[in-house]
Amino acid sequence: MRVPNSVVLPVGTHVDCCQEEEVEEKRHNIMAKISAMLEERKSNLTHFITNLEGSKEPELYVDQWERLKEMESCTLTILNLVAVNCTDHRDIKKLEAVILEHVKKEELFPEVVRVLPPVYRQVEAAIVDIAQSEEMADHGMMDLQYLLSKLSQCEHLANLGRELLQDVLRYLHRIGLVVWYEEIKHLESTVFLQPTFLITMFKVSVEIRILLLAEPKL
């Protein structure tokens, strides 16, 4: 929900534990719950944004407003759920075929038809190496300029410039390899090389907020 133009393929497992009619019923219920969740998210974001805009001093909440507007702009495409029996190799192959079929659709993944210059792959491979290196902190955060200096140490990337690196980062952000919020002033100089850590932080923040809201008031 926090990655622009995300595409999600729900997968239902343990089909072997259900009757055939149960599978379709559960498929329908899961898709209905996902739709309801997305509608609730959209409604909540609109509500929070409206409250900030209607506050007495909205200028004090600009950062929060920008974050909410960014989340509001993130579209999410939900594909039809695929039900599989994980103990059946044929179902695993079926799932693989469905994934490949969707990935090849230009309307879902416009980047799939883009011919990338070799330097894009070189930078991507170098960033993966940096992210997996022992010196990389668990949070995976790295200053943009420092990342450029690290990449420039590679013989084939010695002439890599900041502008080209930014173009590559935009591409890597779109495919989900890194997270780079270039449109947010306070984060434009930070690249998140470990998106999973960022997702965990968001999750923990939400859980803490829920716990605080759930605590009884004295």
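Me: Domain bounds come from an automatic or database domain assignment. Which stretches of this chain does that give, and what distance separates the centres of domain 1 and domain 2?

Reply: Domain 1 covers 7-108 and domain 2 covers 118-203. Their centres, taken over C-alpha atoms, are 27 Å apart. One heads-up: this is a predicted model, where local features need pLDDT of at least 70 and side-chain atom pairs count only at pLDDT 80 or more, while totals for chains, interfaces and linings use all residues. Residues are numbered from 1 along each chain as its sequence is written, and side-chain values use heavy atoms, with hydrogens and water left out.

Me: Why is Leu52 called buried?

Reply: Buried means under 20% relative accessible area, exposed means over 50%, and partly exposed is in between (1.4 Å probe, protein chains only). Leu52 has 13% relative accessibility, so it counts as buried. Leu52 belongs to helix H1 (residues 20-53); helices are DSSP runs of H or I with at least four residues, strands are E runs of at least two, and both are numbered from the N terminus.

Me: What is Leu52 in contact with, leaving aside neighbours within four places in sequence?

Reply: Pro58, Tyr61, Gln64, Trp65 and Leu68, where contact means heavy atoms within 4.5 Å.

Me: What makes the nonpolar surface patch, and what is its area?

Reply: Ile99, Val103 and Phe109 make it, and it is about 210 Å². Patch residues need over 30% relative accessible area and no salt bridge; nonpolar side chains (Val, Leu, Ile, Met, Phe, Trp, Tyr) are joined within 5 Å, like charges within 9 Å. A salt bridge is a side-chain nitrogen of Lys or Arg within 4 Å of a carboxyl oxygen of Asp or Glu. Areas come from the Shrake-Rupley method with a 1.4 Å probe, and for residues only the protein chains shown count as cover. Val103, in helix H3 (residues 89-103), has 33%, so it is partly exposed.
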